[in-house]
Amino acid sequence: MFKDIKEVQSFIKEKGVRFVDFKMIDLKGRWKHLSIPAENFKPSIMEEGIGFDGSNYGYADVKNSDMVFIPDLKTAVIDPFVEETTLTMMGDVYVIRDPENIPFDQYPRNIARNAINYLKETGIGDEMIIGPEYEFHVFDSVSRKVSANESFYRLTSTESHWSASDGDSLGYHNRYNGGYHCDIPNDLTYDLRNEICRNLDLFGVKVKYHHHEVGGSGQLEIEVELDDMLKLADDTLAVKYVIRNTAAINGVTATLMPKPIYGEAGNGMHVHMLIKKNGENVFYGNEYAGLSQTALYFIGGLLKHVRALCALTNPSTNSYKRLLPGFEAPVTIGYALANRSSVIRIPGYAKNSDKKRFELRSPDATCNPYLAYSAILMAGLDGIVNKIDPKDHNWGPFDFNLYDLSEEEKKHLEHLPKSLDEAIEALEQDHDFLMVNNVFPEALLKAWIAALKKDARRVNNVPNPAEFDLYYDL
């Protein structure tokens, strides 16, 4: 972690760095980048920045789309995936104005900072601590095509149950949804996960553990240590980058999409969370499951707004193919202790005052993490400010398996959206809590909703192969 540009320049000279690479974030949460020769990394960059055209990043139109990128030296790391020695770093984006540049209010890192600043202004806390769990699939290959007369995707996985009859394997295959914590030789990705974790360490990401997940066809999980919300948002993009690139250099392909395989467990990104004030966990207390009343109010805010949150935490059409009963994915709006069928789960093993927390189980990694984590914080703060107690709204606690309820019993409960269209509609109707203290600009929300609607239209308008099974002969 560099303190100033002189330290960076000394490091560049000492390590023989050839290029300096800058990572920017687009609306959807993808990294973009540009690079300069290392000898051009001079003090003026920290003041004047690197100019670029922001109109291609998906944000709402601004009067002047010329922007500047200012590096954040604390994020600088040597990129292990680039042949030439390259120092890469994230940073912040400013809009060019006279007499001085101003932070671009739609830029994701700025939104996350604004949400944290609002937390501090409320006096409720001074740190939002989170811990995502990253689930993903690794396949031997992937192919896909969408055209006027042909639509398909094809995945191959040596360890999958469907490849057991290929005749060219060693016979070690995972059973259908039987991959949880499987050992070698069935676990063919163990060495790959170790390599991913070594690379994550280079990016400053603190790994808690990794293992094979339930899906027997190459589904994996990496869980990281709890840390500051903005750092974990940065880390989330680094995790995606490292997973994909480590897989690629090993001749396989990785995806974090929520439901790549029909009928098998999908990929979530459960988010653990707690708030600290003066170093103390304000979620620890003497109420249900060892939580404080403040924590329960935060849960109330999350559950009140969770349908709208889905448009930010689950912003893909594929997200809603995961949020189905029977695959350890939540569908019912509620909370409980150690209950994986509820949207909010309070881990039974987290009993200490410094670790007492809960997790939101609905999100997935198609989200822009800065927007998703900020929206989660804003929803929870709304619950605290307005004293929204989940017990007063039939949101639990549900200390039973919600998947076992009858259809009649389910009618008396609230549920997550069943499609991206439903989530978009919920966000259109419920977004004022995001705009408090100007954390989320209205222009950004409009651009976000427009982008999601475009995605939904594209998927909804393409004939699905399953429709040929259902309707071809009608």
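**Exercise 1.** At what angle do helix α3 and helix α8 pack, and how many Å apart are their axes?

*Solution.* The model is a predicted one. Helix α3 covers residues 108-122 and helix α8 covers residues 369-385. They pack at an angle of about 20 degrees, and their axes are 9 Å apart. Angles under 35 degrees count as roughly parallel. The helices α3 and α8 are therefore roughly parallel to each other. As for handedness, the crossing of α3 and α8 is left-handed.

**Exercise 2.** In what order do the four strands of the open sheet stand, and which strands are at the edges?

*Solution.* The order is β3-β4-β7-β8, with antiparallel pairing. The edges are held by β3 (50-53) and β8 (102-103). Each of these has a single partner strand, so one side of each is left without a neighbour in the sheet.

**Exercise 3.** How many bridges join β3 to β4, and which residue of β4 is the bridge partner of I50?

*Solution.* Strand β4 spans residues 66-71, and four bridges join β3 to it. The two strands run antiparallel. The bridge partner of I50 in β4 is F69.

**Exercise 4.** Which strands of the sheet does α3 touch?

*Solution.* Helix α3 packs on the sheet and touches β7 (91-95) and β8. The direction of α3 makes about 95 degrees with that of β7.

Terms used. Residues are numbered from 1 along each chain as its sequence is written. This is a predicted model: local features need pLDDT of at least 70, side-chain atom pairs count only at pLDDT 80 or more; totals for chains, interfaces and linings use all residues. Side-chain values use heavy atoms; hydrogens and water are left out. Axes are lines fitted to C-alpha atoms, for helices over the stretch in contact, and angles run from 0 to 180 degrees between N-to-C directions. Angles under 35 degrees count as roughly parallel, over 145 as roughly antiparallel, 65 to 115 as roughly perpendicular and the rest as oblique. A crossing is left-handed if the near helix is turned anticlockwise from the far one by less than a right angle, and right-handed if clockwise. Two strands pair if DSSP finds at least two bridges between them. Contact means heavy atoms within 4.5 Å.
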